[in-house]
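Thanks for coming. I will go through one structure, starting with the chain and ending with a ligand.

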Amino acid sequence: MAIMDADYLVIGGCGFLGQHLCERLLERGYSVRVFDIRKTFENEKITFIIGDLCKKEDLMAAIQGVSCVFHCASPSPLSNNRELFHKVNVEGTKLLIQLCKWAGVQRLVLTSSASVVYEGKDIKGGHEDLPYAAQPIDAYTETKIMQEQIVLAANTKDFYTCAVRPHGIFGPRDPHLLPTAVDLARRGKFKFIIGDGKNLVDFTYIDNVVHGHILASENLGGGSVVCGKAYNITNDEPIYFWTFMTQIVTGMGYDAPKYHLPYLLVYFIAVFLMLISRLLSPFCHFIPSFTPMKVALAGTHHFYLCDRAKKDMKYKPLVSLDDGIRKTIESFERLKNGGEGDS
Ligand SMILES: NC(=O)C1=CN([C@@H]2O[C@H](COP(=O)(O)OP(=O)(O)OC[C@H]3O[C@@H](n4cnc5c(N)ncnc54)[C@H](OP(=O)(O)O)[C@@H]3O)[C@@H](O)[C@H]2O)C=CC1
Ligand SMILES: CC(C)CCC[C@@H](C)[C@H]1CC[C@H]2C3=C(CC[C@]12C)[C@@]1(C)CCC(=O)C[C@@H]1CC3
């Protein structure tokens with residue numbers, strides 16, 4: 001059955017970022033089509049096509065008759081599936097580019113990650129020209145690096161691509177950050193601050209990430225300075241990691257972490273547990289709560305400059321960190337200590 005042309009196709013549009021992106025695009029009067037492996041919401045203004053990014057026949061049904069594609073799909077960054085990361089983030093992205101060209105799509109905006117330059121060591125005011133991590137912190141990040149390289153290399157005089165690099169996205173309907181932190185707190189595993197608690201990081205409220213994506217798409221086109229480039233998008237308000245996390249967990253009704261543990265001690269325990277987990281994997285499925293990736297992110301500086309986005313796209317955050325934290329906590333009533341999710 002023929003489907004209506006659309007201004008935008010949002011791949012991964014039923015996810016956390018994807019749904020917020022669709023909502024804002026509709027508010028701005030754009031027509032929106034969603035392609036996702038699952039359907040998580042209803043909206044009569046949106047055409048949903050459910051399929052797998054890795055399957056050519058699925059994607060062909062969605063890719064025709066759109067002006068711009070947002071590629072937000074990825075397996076969960078907290079899952080531990082190297083093969084799936086490579087299948088979706090690398091092979092799926094290659095297929096997407098091939099079909100964009102086949103269908104005559106002119107613009108592709110990739111949701112990459114600021115972590116593509118992060119090797120688990122301090123980054124203070126990181127800019128986009130830093131080299132890709134030679135030793136990525138995990139398989140997810142390894143495939144995000146490959147994905148971004150593929151997309152930016154695909155930019156030509158007829159097919160315009162760019163990448164948006166958000167960091168530490170949070171907000172209503174976040175399925176990763178807040179639920180994981182609340183689960184740790186609920187299980188009594190949020191009593192300790194890893195390191196001295198003075199590591200500055202970026203957390204980015206979802207509305208600002210969406211804003212950066214829409215600006216990127218609107219500025220992407222023939223002869224544009226945006227073509228073939230990556231852009232950090234953050235709240236531009238670096239905050240102590242443990243100050244942010246404490247505001248989140250106390251706002252959700254749990255106690256603030258009190259005691260400090262040496263960063264290197266926790267990091268090497270996490271590496272040891274990861275090795276045990278791999279050794280035991282043929283016999284049992286044991287995933288440690290504290291992986292080396294999480295511990296590194298919890299114990300090092302990692303904040304980035306948005307100067308390039310400010311200059312090329314006139315980006316500036318729409319929602320402050322404080323307002324974003326307040327809105328997020330208000331939206332997660334069901335996960336509050338003693339709430340319905342406490343069963
Ligand atoms: N959350 C964060 O802090 C950050 C996220 N990013 C990037 O932002 C993007 C969006 O992340 P986020 O919204 O948090 O993630 P979500 O997991 O909420 O959304 C991703 C969506 O893509 C879907 N998807 C996964 N595999 C496929 C596939 N093979 N075919 C079609 N759809 C698929 C997912 O379905 P299912 O859930 O069933 O897998 C999900 O609906 C990702 O590319 C991520 O790498 C970058 C920086 C930070
Ligand atoms: C050690 C614990 C106290 C950490 C609890 C919070 C974490 C679950 C989150 C803190 C930083 C977050 C983060 C991501 C996922 C959730 C956290 C680890 C990403 C890995 C998501 C995908 C990306 O592209 C990069 C993000 C960096 C920050």
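Residues 24 or more positions apart make up 79% of the contacts in the protein chain with a separation of 6 or more, a contact being heavy atoms within 4.5 Å. This is a predicted model, in which local features need pLDDT of at least 70 and side-chain atom pairs count only at pLDDT 80 or more, while totals for chains, interfaces and linings use all residues. Residues are numbered from 1 along each chain as its sequence is written, chains are lettered from A and ligands numbered from 1 in the order in which they are written, and side-chain values use heavy atoms, with hydrogens and water left out.

Of the 343 residues in the protein chain, 52% are buried, that is, under 20% relative accessible area with a 1.4 Å probe and protein chains only.

The protein chain has 11 helices and 15 strands; these are DSSP runs, H or I of at least four residues for helices and E of at least two for strands, numbered from the N terminus.

Now ligand 2. Which residues are closest to ligand 2? They are Pro77, Ser113, Tyr140, Thr180 and Phe190, out of 15 that surround ligand 2, each with a heavy atom within 4 Å. Ser113 has a polar side-chain atom 2.8 Å from an oxygen atom of ligand 2, and for Tyr140 the distance from such an atom to an oxygen atom of ligand 2 is 2.7 Å. Helices α5 (177–186), α7 (241–251) and α9 (292–299) each give at least two residues to the shell around ligand 2.

Key
A polar contact is a pair of N or O atoms within 3.5 Å; within protein, one must be able to donate a hydrogen and the other to accept it, and residues adjacent in sequence count only if both atoms are side-chain atoms. Buried means under 20% relative accessible area, exposed over 50%, partly exposed in between (1.4 Å probe, protein chains only).
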